[in-house]
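I opened this entry to learn my way around a new structure.

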There are 2 protein chains.
Amino acid sequence: ARPRVGYFFTGKTGSELLTEKLKKFKVGDFQSIPIVVDENVSVYDAIVNMFLEDVGTIFVTNENAKLTGILSRKDLLRASIGNQDLTSVPVHIIMTRMPNIAYCSAEDLLLDTAQTLIERQIDGVPVVEEKEDGLEVVGRLTKTNVAKALVELGRDEHL
Amino acid sequence: ARPRVGYFFTGKTGSELLTEKLKKFKVGDFQSIPIVVDENVSVYDAIVNMFLEDVGTIFVTNENAKLTGILSRKDLLRASIGNQDLTSVPVHIIMTRMPNIAYCSAEDLLLDTAQTLIERQIDGVPVVEEKEDGLEVVGRLTKTNVAKALVELGRDEHL
């Protein structure tokens, strides 16, 4: 006969419990530092910046330091094979610009932002705070951050 | 008084059970189709190919269709800002070449390969099969695949 022990049956299986924890992961717990350039910087300088900082996505801001655009490696690669002098073209000419930008806040769920990265086929989004004169960039959430979350889950961290 | 019910206590918590499932995820269950070019293709054609296929990593093979190198967006961007005619430089000049290439097999654990992507700061690795004359590329495992695994976990798929 099976031993009868005094544990509650919660109606939840093991996988449900872990999924609940995963579902509570916030962007703010996994985000990285954002790399930002002014919209008048040249495409060439933005590319150099991307290599120096070793990031795949750079955010572009206006004179009030508010988000106006995004530059991915793909955007910069496209520009670099065009027949133009990269040192004289400002990034605002080639960037993906507001309002066509996906972004998130530090309080957003990591799973929702991961879903956005997948659906929009982008490597990263800015983590922003809304201000009176626009969006302030406070972080960067990339596929690398999402991969790290999975690896940490596998190691029982955050659990 | 607490109700006494006849469930076994396995000694495992919910998070342990889910972690065990996550730890069994295989590369083969999440990999994508690989995009491959010959090592004599020009850098320009490789870039065009990257845009046409919309991938971030292209694999380079020799005349026996065995892996000899990898081209990332970063490699191609670096080459494109150099002062060279991209249509006349073959990819084998600029690619990351064997044996300095990280790769995996379809039977490898997704978590281990995710860890490799993070540690080596790369976007993707080839999924290969070992043959007598080298490595045959059978798939591609990228940070996007890893992000999808996390989102599926959150949705209770694969569980």
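Here are my notes, in the order I looked things up.

**Ground rules.** I am working with a predicted model, where local features need pLDDT of at least 70, side-chain atom pairs count only at pLDDT 80 or more, and totals for chains, interfaces and linings use all residues. Residues are numbered from 1 along each chain as its sequence is written, chains are lettered from A and ligands numbered from 1 in the order in which they are written, and side-chain values use heavy atoms, without hydrogens and water.

**Chain A overall.** I found five helices and six strands in chain A. Helices (H or I, at least four residues) and strands (E, at least two) are DSSP runs, numbered from the N terminus. From that end, the elements read α-β-α-β-β-α-β-α-β-β-α.

I traced an open sheet of four strands in chain A, in the order β1-β2-β3-β4, with mixed pairing. β1 (36-38) and β4 (96-97) of chain A stand at the edges with a single partner strand each, so one side of each has no neighbour in the sheet. Two strands pair if DSSP finds at least two bridges between them. β2 (residues 57-61) and β3 (residues 67-72) of chain A are joined by five bridges and run antiparallel. Across from A:I58 I found A:L71 in β3(A).

**Helices on the sheet.** α2 (residues 43-53) of chain A lies across β1, β2 and β3 of chain A, at about 135° to β2(A). α3 (residues 73-80) of chain A lies across β3 and β4 of chain A, at about 70° to β3(A). Axes are lines fitted to C-alpha atoms, for helices over the stretch in contact, and angles run from 0 to 180 degrees between N-to-C directions.

Which residues bring α3(A) and α2(B) into contact? First I noted the packing: an angle of about 135°, with axes 11 Å apart. The contact is made by A:K74, A:L77 and A:R78 of α3(A) with B:I47, B:M50 and B:F51 of α2(B). Contact means heavy atoms within 4.5 Å.

**One residue.** Is A:V55 buried or exposed? A:V55 is buried, at 3% relative accessible area. I located A:V55 in the loop between α2 and β2 of chain A. Leaving out residues up to four places away in sequence, A:V55 touches A:I35, A:M50, A:R73 and A:R140. The C-alpha atoms of A:V55 and A:R155 are separated by 26 Å.

Note on methods
Buried means under 20% relative accessible area, exposed over 50%, partly exposed in between (1.4 Å probe, protein chains only).
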